[in-house]
Amino acid sequence: MNLTMLYSKIHRASVSDANLNYVGSITMDSTLMEAAGLLEGQKVDVVNINNGERFSTYVITGRKGDMCLNGAAARKVQVGDKIIVMAYAQYTKDELRDYKPKVILVDEKNQIVAIKKELRDV
């Protein structure tokens, strides 16, 4: 049996832009993508801490500090909102023995302040 588990998340990132006229996706800083193990085109879930919105989209590579929601997702955020970006993976029970998802903590400018491998005390 495979279980879908949190692979990584970027915690409390600040929305830097919302572009309704772009085709879709979330544009994010390539440094954050690398730290979280995210690939361009990968599906992610996004939670808006400010208003409770939850939605799925895909990642595209951006510039330093970018955390821009594009297309229809732009309607679910406002610039400055705090969001959590989460990615999941399939694991076997054997793989879960050493399971520790990556949690990327960022500051107001979406710069990494810490990388943890735990879900509690974030």
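Serine 25 counts as buried, because its relative accessibility is 2%. Buried here means under 20% relative accessible area, exposed means over 50%, and partly exposed lies in between, with a 1.4 Å probe and protein chains only.

Before I go on, the ground rules. This is a predicted model, where local features need pLDDT of at least 70 and side-chain atom pairs count only at pLDDT 80 or more, while totals for chains, interfaces and linings use all residues. Residues are numbered from 1 along each chain as its sequence is written, and side-chain values use heavy atoms, with hydrogens and water left out.

Back to serine 25. Where does serine 25 sit? It is in strand β3, residues 25-29. Strands are DSSP runs of E with at least two residues, helices are runs of H or I with at least four, and both are numbered from the N terminus. Leaving out residues up to four places away in sequence, serine 25 touches Thr57, Tyr58, Ile60, Cys68, Leu69 and Asn70. A contact is a pair of heavy atoms within 4.5 Å.

Now the record. An unreviewed UniProt entry places "modified residue: Pyruvic acid (Ser)" at Ser25. The unreviewed entry also carries the annotation "active site", and that covers Ser25 and Tyr58. Those two span 34 residues in sequence, yet no two of their C-alpha atoms are more than 4.9 Å apart, so they gather at one spot. A caution on the source: UniProt positions are in the numbering used here, feature names are shortened, and annotations may be inferred rather than shown by experiment.

Next, tyrosine 58. It lies in strand β5, residues 54-62. Is tyrosine 58 buried or partly exposed? Its relative accessibility is 35%, so tyrosine 58 counts as partly exposed. Serine 25, by contrast, is buried at 2%. Setting aside neighbours within four places in sequence, tyrosine 58 contacts Gly24, Ser25, Ile26, Gly41, Gln42 and Lys43.

Together with Tyr22 and Val23, Tyr58 makes a nonpolar surface patch of about 330 Å². Patches take residues with over 30% relative accessible area and no salt bridge; like charges are joined within 9 Å, and nonpolar side chains (Val, Leu, Ile, Met, Phe, Trp, Tyr) within 5 Å. A salt bridge needs a side-chain nitrogen of Lys or Arg within 4 Å of a carboxyl oxygen of Asp or Glu. The areas come from the Shrake-Rupley method with a 1.4 Å probe, and for residues only the protein chains shown count as cover. Tyrosine 22 is in the loop between β2 (17-19) and β3. At 40% relative accessibility, tyrosine 22 counts as partly exposed.

Zooming out to the chain. How many helices and strands does the chain have? There are 1 helix and 9 strands. In sequence order the pattern is β-β-β-α-β-β-β-β-β-β. A compact globule of 122 residues would have a radius of gyration near 14 Å, and the chain agrees, with 14 Å. That radius is taken over C-alpha atoms, and the globule rule is 2.2 Å times the number of residues to the power 0.38. The C-alpha trace spans about 45 × 30 × 25 Å along its principal axes. Of the 122 residues, 43% count as buried. Among contacts with a separation of 6 or more, 75% come from residues 24 or more positions apart.

Beyond four places in sequence, valine 46 touches Ile26, Glu53, Arg54, Phe55, Thr57, Ile83 and Ile84.

Last, backbone angles. Arginine 12 has phi near 65°, a positive value in a residue other than glycine. Arginine 12 is in strand β1, residues 2-14, and is partly exposed at 39%. Asparagine 110 has a positive phi too, about 65°, and is not a glycine. Asparagine 110 sits in the loop between β8 (102-106) and β9 (112-116). At 2% relative accessibility, asparagine 110 counts as buried.
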